[in-house]
Amino acid sequence: MLAVGIGCLWFSRKDIPRKLSTLENFDFEAHFASLKKELEAIPNISNIEVHTPKLNMYMLYDDDDEDELAKFFPCTTQAAISFSINLPSRVQTLHHLREPNTGSENFNVLLNWANEAPVAYMSYEAADANVSPSSAIVVVRKFLENHFENNSKKFSFETIGPSPMHADFYISGNEFPSESEPIMSIRDESFAGVGYKDFRITYNPQEIENDNVALKIFIARYTESIASYYRTICYRNHLLDRSRETHSHLQDLLKVQTQPGLRGVVKRLFHAPKISKDLSISLLSEELSKMDLLEHLTSSKREQSLLPDSPFEEFAAAEVEGAPSRPSSSIREVIGLFEERYLKNLENMTVIGAGVFGGIIGSTITYLLGK
């Protein structure tokens with residue numbers, strides 16, 4: 001049996017500006033050669049292979065872009081890096097919050113850039129499904145993060161969560177295959193509401209040679225779907241950021257509108273308009289982010305980068321369903337009421353000010369004429 005953990009992991013350059021202009025004369029071949037050399041210098045790592053079929057292909061993200069994928073600079077599409085890594089139990093314990101139940105010290109790693117995001121696979125031989133390949137993602141990720149942070153001047157190791165994906169996968173041949181069953185199938189064996197999901201991938205050993213071949217078929221079929229799921233996560237995270245901004249401006253506006261005394265009057269006159277403006281902008285940004293999220297899910301299903309009836313379509317749909325939703329029309333009505341209140345107060349203050357100013361002028365003229 002193969003145990004397989006999945007995440008979204010890749011390398012990034014930390015020695016060059018994360019700007020698109022940097023890529024105009026960027027030497028991708030030297031970039032990957034340097035990365036391979038640094039991996040070869042790690043004693044725990046062996047069997048390194050780097051595949052770069054399209055060195056001139058990269059995604060247009062930089063530090064000025066709000067897209068979370070910008071952290072993987074430069075974002076090279078269709079590149080892949082594979083290696084074996086040995087992490088003794090004591091090392092695994094150092095990189096996990098609790099005793100990791102990986103069931104192994106040797107892991108095969110594949111980091112594969114799909115069209116939309118990088119996908120990481122950690123696979124290894126397991127006696128049964130009582131081990132946690134998700135823990136393998138954690139310990140390998142943290143080991144590489146720490147190594148490159150402390151030992152590399154060029155590279156860092158980055159992640160987009162959830163990494164591990166909240167699911168464990170186990171691949172094994174069907175002991176009693178039948179002609180009516182598909183060559184390969186995925187079955188959800190999870191207990192409802194208990195921990196990560198468990199998926200059993202079974203195949204017909206008369207059609208597929210072994211577990212490793214079955215894994216290659218799984219990767220070829222589902223990598224784009226997994227990448228699309230992680231792209232959905234990026235859209236969701238962007239929406240969450242905009243939602244937090246909206247919530248913060250709402251709290252600021254409520255605080256100003258309910259503050260008593262002269263200080264409250266002053267803040268409502270001079271601070272509330274800017275807060276209302278910022279709230280309106282953040283609310284619009286949040287709505288646009290929600291539209292982008294929904295559009296991405298719709299287009300992914302339409303183009304079948306998210307394969308129908310796959311676990312990853314289900315995961316992506318759950319992220320969209322769980323995205324924050326806000327009564328935008330009601331908030332805009334409240335903003336409108338506060339703005340009307342502000343304008344009325346401003347009008348009253350103007351009338352009072354004009355009256356006071358007129359009185360002062362009148363008194364001054366009377367005084368001067370009296371002389």
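**Exercise 1.** Sort the lining of the largest pocket by class: how many residues are nonpolar, polar and charged?

*Solution.* Start with the tally: 6 nonpolar, 7 polar and 2 charged residues (nonpolar: Ala, Val, Leu, Ile, Met, Phe, Trp, Tyr, Cys, Pro; charged: Asp, Glu, Lys, Arg; polar: the others, Gly among them). Keep in mind that we're in a predicted model, where local features need pLDDT of at least 70 and side-chain atom pairs pLDDT 80 or more, while totals for chains, interfaces and linings use all residues. Numbering runs from 1 along each chain as its sequence is written, and side-chain values use heavy atoms, without hydrogens or water.

Next, the space: the pocket holds about 410 Å³. Of its 15 lining residues, Ser82, Asn108, Leu110, Leu215 and Lys216 are closest to the centre. (A pocket is an open set of points on a 1 Å grid over the protein atoms alone, where a 1.4 Å probe fits, with protein on both sides within 12 Å along at least five of seven lines; lining means an atom within 4 Å of a point. Volume is the space filled by probe spheres on the points, which are joined across faces, edges and corners.)

Finally, the suppliers: β3 (45-51), β6 (80-86), β7 (106-113), β8 (118-125) and α4 (211-258) each give at least two residues (DSSP runs numbered from the N terminus: helices H or I, at least four residues; strands E, at least two). α4 gives the largest share, 4 residues.

**Exercise 2.** Work out how α4 and α7 pack.

*Solution.* Take the geometry: α4 and α7 (residues 311-321) make an angle of about 5°, with axes 9 Å apart (lines fitted to C-alpha atoms over the stretch in contact, angles 0 to 180 degrees between N-to-C directions). The two helices are therefore roughly parallel (under 35 degrees). Now the contacts (heavy atoms within 4.5 Å): residues in α4 including Phe218, Tyr222 and Arg236 meet Phe312, Phe315, Ala316, Glu319 and Val320 in α7. The set splits into 9 nonpolar, 2 polar and 2 charged.

**Exercise 3.** Find what threonine 159 touches.

*Solution.* Skipping residues up to four places away in sequence, its partners are Cys8, Leu9, Lys71, Phe72, Arg141 and Glu145.

Conventions
Parallel < 35°, antiparallel > 145°, perpendicular 65-115°, else oblique.
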